[in-house]
Amino acid sequence: MYGFLGACVASAVGLQLWAFSFSHFPILRSEPFAKHANELSIVESSMHYGAEGKCSNISTIGTIRNTGDIPWENLKLEVRYFDAAGNLIDTESSEEYGLVVPAHGVSAFRIRAAADKPQEVYSSQQVFIKGGRDARSGF
C-alpha cells in the first residue's frame, strides 16, 4: 500500500519540480528565430559540381556569421541555383542537424544534392537562412 502511495507522491513532486524549472530557469526558454534572423548572415559560399559514376552532384560550401548574443543550432538553409540568364534552375533545402553557430562566432556548412542539370548550366547561387533553434534551450 505505501509503495503505491509513495510512488504517487514522488511522481507528483517530480512533476511540480519539472514545471517549476520552466518558469524559473530562463536558460530553458527559447528565443524565436525570426526575432534574431538579422544577426545571422552567409559570409561566403562556393558552388561545386561533381560526378560519382552516373550521378552528378551539386554542393555548396560556406560559412555563417552570428553577430548576436544567442548561439543557434539546427539551421534551416536553402540554396537557389541559377543559370547565366539569372533563371532559377535548381534548389536544395536542408536542416543542418548538429550545426551550431556560436554567439559572435562563425561556422562552416555544406549542402549537397543530386544535380538536376548538366554542370555547364549552373552559373551562380544564393544561400538563405530560413530558420534555426536557440541552442541554449535544451529542448
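Which side chains does a polar contact of 2.3 Å join? Hold that thought for a moment, and hello everyone. The pair is Glu 52 and Arg 112, whose side chains meet in that 2.3 Å polar contact. Please keep in mind throughout that what we have on screen is a predicted model.

Glu 52 belongs to strand β1, which covers residues 40-52. Setting aside residues up to four places away in sequence, Glu 52 touches Asn 57 and Arg 112.

Now let's step back and look at the whole chain. The secondary structure consists of 2 helices and 6 strands. If you read along the sequence, the order is α-α-β-β-β-β-β-β. Of the 139 residues in the protein chain, 32% are buried. The chain exposes about 8,700 Å², and carbon and sulfur atoms supply 58% of that area. Here is a number about how the chain comes together: among contacts with a separation of 6 or more, 69% are between residues 24 or more positions apart.

So much for the overview; let's go inside. The largest nonpolar core has 19 residues. Leu 40, Ile 64, Leu 75, Leu 77, Phe 109 and Ile 129 are the ones with the most contacts inside this core. At least two core residues come from each of β2 (55-66), β3 (72-82), β4 (88-101), β5 (106-114) and β6 (124-134). Which strand gives the most to this core? That is β3, with 5 residues.

Let me pick out Leu 75 on your screens. Leaving aside neighbours within four places in sequence, the contacts of Leu 75 include Phe 33, Leu 40, Ile 64 and Ile 129. Leu 75 is also in contact with Ser 94, Glu 95, Glu 96, Leu 99 and Val 101, and with Gly 131 and Gly 132.

Next, the aromatic rings. There are 3 aromatic pairs in the model. One of them is formed by Phe 33 and Trp 72, edge-to-face, with 5.4 Å centre to centre and 85° between the planes. That pair links distant parts of the chain: Phe 33 sits in helix α2 (residues 33-36) and Trp 72 in strand β3, 39 residues apart. Both Phe 33 and Trp 72 are buried.

Tyr 81 and Tyr 122 make another edge-to-face pair, at 5.7 Å centre to centre with 80° between the planes. Tyr 81 is in strand β3 and Tyr 122 is in the loop between β5 and β6, so this pair ties together parts 41 residues apart in sequence. Tyr 81 and Tyr 122 are buried as well.

The side chain of Glu 78 makes a polar contact of 2.7 Å with the side chain of Arg 80. Not counting residues up to four places away in sequence, Glu 78 touches Thr 91, Glu 92 and Ser 93, along with Gln 126, Val 127, Phe 128 and Lys 130.

Arg 80 lies over the face of Phe 128, at 4.3 Å from the ring centre. The charged end of Lys 130 sits over the ring of Phe 128 too, 5.6 Å from its centre.

Last stop: the backbone. Most residues other than glycine have a negative phi. Against that background, look at Asn 74, where phi is near 50°, a positive value in a residue other than glycine. Asn 74 is found in strand β3. With a relative accessible area of 14%, Asn 74 is buried.

His 104 also has a positive phi, about 55°, although it is not a glycine. You can find His 104 in the loop between β4 and β5. Why does His 104 count as exposed? The reason is its relative accessibility of 55%, because exposed means over 50%.

Terms used. Residues numbered from 1 in each chain as written. Predicted model: local features only at pLDDT ≥ 70, side-chain atom pairs only at ≥ 80, totals over all residues. Heavy atoms only, no water. Core = buried A, V, L, I, M, F, W, Y, C linked by side-chain atoms within 4.5 Å. Buried < 20%, exposed > 50% of the residue type's maximum accessible area, 1.4 Å probe, protein only. Helix = DSSP H or I, 4+ residues; strand = E, 2+ residues; numbered from the N terminus. Contact = heavy atoms within 4.5 Å. Areas by Shrake-Rupley, 256 points an atom, 1.4 Å probe, with all protein chains shown as cover. Polar contact = N/O pair within 3.5 Å; in protein donor to acceptor, adjacent residues only side chain to side chain. Phe/Tyr/Trp six-rings, centres within 6.5 Å; stacked < 30°, edge-to-face > 60°. Lys NZ or Arg CZ within 6 Å of the ring centre and 35° of its normal.
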